[in-house]
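Here's a quick briefing on a few strands and how they pair up. Have a look at the model first, then we'll go through it.

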Amino acid sequence: DGLVVSEKVKSNNIDVKIPKSELEAEEKGAEEEHPRESDSNILDVSSNYPRDKHISIQRHLADLEKLADLREDERKPCPLCPEEKFKACYSHKLRRHLQNLHWKVSVEFEGYRMCICHLSCRPVKPNLVGDQTLSKMGAHYHCIICSATIVRRTDMIGHVNRHVNKGETESRFNTVRAPKSSCKVVEESATDVQVLPNHSTPQKTDSYFNPKMKLNRQLIFCALAVLAGERKPIECLDAFGATGIMGLQWAKHLRSSVKVTINDCNENSVTMIKENCHLNKMKVKLNIKEEDNDETVGNGEENSDTIEVTKMDANVVMHLRSFDFIHLDPFGSSVNYLDSAFRNVRNLGIVSLTSTDISSLYAKAQHVALRHYGCNIVRTEYYKELAARTVIAAVTRAAARCNKGIEVLLAVALEHFVLVVVRVLRGPTPADDSAKKVRYLIHCQWCEERVFQKEGNMVEENPYQQLPCDCYGSMPGKTAVLLGPLWSGALFNTGFLRRMLLEAVQYGLDEAQSLLKTLVCEAECTTLKHFSTHSPGDENKQEECGVYIRTPNTSAESYLVHGKRKSEEVLRSTAKRQRPEHSAEHPPFYYNIHRHSIKGMNMPKLNRFLTYLSEAGYRVSRTHFDPMGVRTNAPLAQFKTVLMKYSTPTYVGAQAEGPVHLPGEIHVAEEVPAATMIKVEEAELVEDDKPGVATAVFTQSYPTHCAAD
């Protein structure tokens with residue numbers, strides 16, 4: 001009747017289910033031959049999965065053949081098929097049946113094979129044919145992890161992969177960590193960390209590690225290294241440790257300059273962080289409960305290789321203790337932790353946060369952005385900078401609630417994340433000044449022109465007058481939308497970025513160097529020039545973007561107070577020294593050159609266009625937000641005029657195919673190299689047989705970059 005009992009099979013030492021009629025005589029003998037102590041010889045995987053594995057789960061084909069008890073002189077049934085489906089046969093036929101119909105279509109997982117089973121293990125709805133009810137025997141697989149029955153092989157593979165991604169290969173039925181053999185070691189910036197096989201799946205693993213965030217970690221390290229040069233030692237917190245890779249890099253490279261605390265609320269993550277500390281030859285100091293902060297002050301030299309590991313909620317640890325540097329990198333938005341971060345952060349300290357909820361920040365889920373950040377945004381050509389200003393506005397409001405202002409040091413928005421680094425300025429006056437920079441943005445949906453709303457509480461009669469464009473008068477209906485509130489101040493601190501670049505050169509962070517060079521030019525709104533990256537001991541001054549700056553080593557001794565923290569006056573003077581040399585801030589937002597290109601015209605090269613726009617008297621630079629973006633203080637109308645002036649018609653090289661119809665009057669550039677001049681014969685209009693059609697032949701010389709007004 002299909003009843004099965006749990007049996008020990010001598011061939012492979014695993015628990016299986018075997019038909020009672022097959023092994024009724026050997027039941028007691030099998031249990032005596034394989035006592036409980038033999039379980040220790042089973043593969044590690046078997047000790048972590050359910051004890052009663054199905055008969056269809058085997059390691060070798062020979063084990064499956066032994067279940068059938070093949071004998072040449074007797075007919076034997078298939079152990080995985082009912083008698084109605086496969087009748088008893090001799091050994092040679094049964095062996096081919098097991099190999100072709102069961103073993104070849106099995107699903108492999110960590111040394112085991114989940115063979116297809118045709119027994120009546122899975123309840124199947126009967127098929128009604130007339131008055132007869134046919135019992136359908138459905139083929140299926142038995143999961144080795146959760147004992148589920150799945151029909152299709154592809155579905156079974158996906159089912160097992162989901163178990164692996166969730167880390168349930170072992171922990172679902174046994175509350176222990178994965179064996180060390182399943183962990184692999186990943187190296188980044190001379191730091192080794194152990195990660196689980198599913199480390200790249202967030203929210204489904206205890207050790208989330210994303211190799212694509214390497215640039216993010218390098219930028220944060222450079223910012224911390226700059227702060228460590230201002231005062232020593234500094235207490236820094238990695239609020240979401242996961243594997244602890246970021247905190248380990250801080251402690252391993254900056255040594256006694258920092259006192260690192262790595263926090264995580266997950267017990268398995270804390271255990272892995274401690275193992276990774278030992279892997280990098282770092283001492284671990286556990287501090288789960290609240291302790292007096294004075295116990296650790298001044299122990300920087302004694303505990304230079306010691307990392308404090310805490311297991312508590314990030315909000316709790318930031319409420320209990322004060323830090324000089326705090327980094328927030330939760331899964332998704334970090335707005336839930338901003339109030340706690342600004343509560344106890346020290347004056348002139350730094351708060352950095354990484355937001356990975358790019359679907360809401362990049363205006364793909366606008367209702368989520370309104371819910372999390374209280375900001376109304378739409379998809380624009382400058383959506384990445386819009387995301388950065390949205391995050392900074394939320395940071396500003398959270399800091400203002402704690403009577404603190406902010407100075408934005410760095411704002412980066414790339415494909416996978418939005419990184420914001422701000423310096424904290426304590427006091428109601430800086431808080432008020434920062435809060436005033438949070439304003440609404442008026443955005444024209446026709447021409448993509450944009451302008452921040454003017455300060456003041458008075459309601460304007462016609463807010464469209466603030467826009468430089470005249471789309472409201474020439475287009476029907478409402479043409480503009482109100483976005484925000486957004487941060488309207490600067491996104492970069494040039495002096496701080498230069499010092500970050502020096503730290504990147506010193507520690508050999510190649511990926512961060514190229515981005516920091518772009519950020520420095522973007523902060524100054526200048527075109528990219530040659531950067532001098534001398535070692536700190538070579539020269540006292542370095543030239544970057546045409547401006548000479550001092551290296552940190554030249555003035556480090558005069559600013560350090562040994563054994564004590566710097567006074568507030570020295571710190572304020574250091575912060576002032578980091579401000580950009582340009583009195584004017586960089587222009588907000590940028591234009592995409594492809595978005596505003598003219599149909600039927602070839603645009604000039606981007607670097608050439610930057611030169612043309614600069615020669616017209618405007619500040620201009622490239623931007624890291626968009627590879628084809630141009631940051632400039634030129635209005636959109638002037639931007640289009642210069643672009644039109646130096647664009648060439650697409651039909652210049654194909655004059656033989658048809659008549660040339662110039663779109664308008666041609667303007668010749670004032671300064672054009674001789675190599676860019678093209679010789680065209682002077683126009684001779686020859687009338688064709690058809691009326692209204694003429695052939696144009698040019699003989700006058702014109703520059704390459706010409707277009708209609």
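Start with strand β17 (residues 345-355), which pairs with β19 in the antiparallel sense over six bridges. This is a predicted model, so take what follows as a reading of computed coordinates.

**β19 and its partners**
- The link from β18 to β19 is a hairpin, with four residues doing the joining.

**How covered is β19?**
- Why is strand β19 (residues 418-426) largely enclosed by the rest of the structure? Seven of its nine residues are buried, so there's your reason.
- Buried here means under 20% relative accessible area.

**β20 and its partners**
- Strand β20 (residues 438-444) is mostly covered too, with five of its seven residues buried.
- Strand β22 (residues 480-487) pairs with β20 in the antiparallel sense, over six bridges.
- I442 has L482 of β22 as its bridge partner.
- β20 pairs with strand β21 (residues 450-452) as well, antiparallel and over three bridges.
- There, L441 stands opposite F452 of β21.

**The β20–β21 turn**
- Which residue takes a positive phi in the hairpin of β20 and β21? That's E448, near 65 degrees, in a hairpin with five residues between the strands.

Conventions: Residues are numbered from 1 along each chain as its sequence is written. This is a predicted model: local features need pLDDT of at least 70, side-chain atom pairs count only at pLDDT 80 or more; totals for chains, interfaces and linings use all residues. Side-chain values use heavy atoms; hydrogens and water are left out. Buried means under 20% relative accessible area, exposed over 50%, partly exposed in between (1.4 Å probe, protein chains only). Helices (H or I, at least four residues) and strands (E, at least two) are DSSP runs, numbered from the N terminus. Two strands pair if DSSP finds at least two bridges between them.
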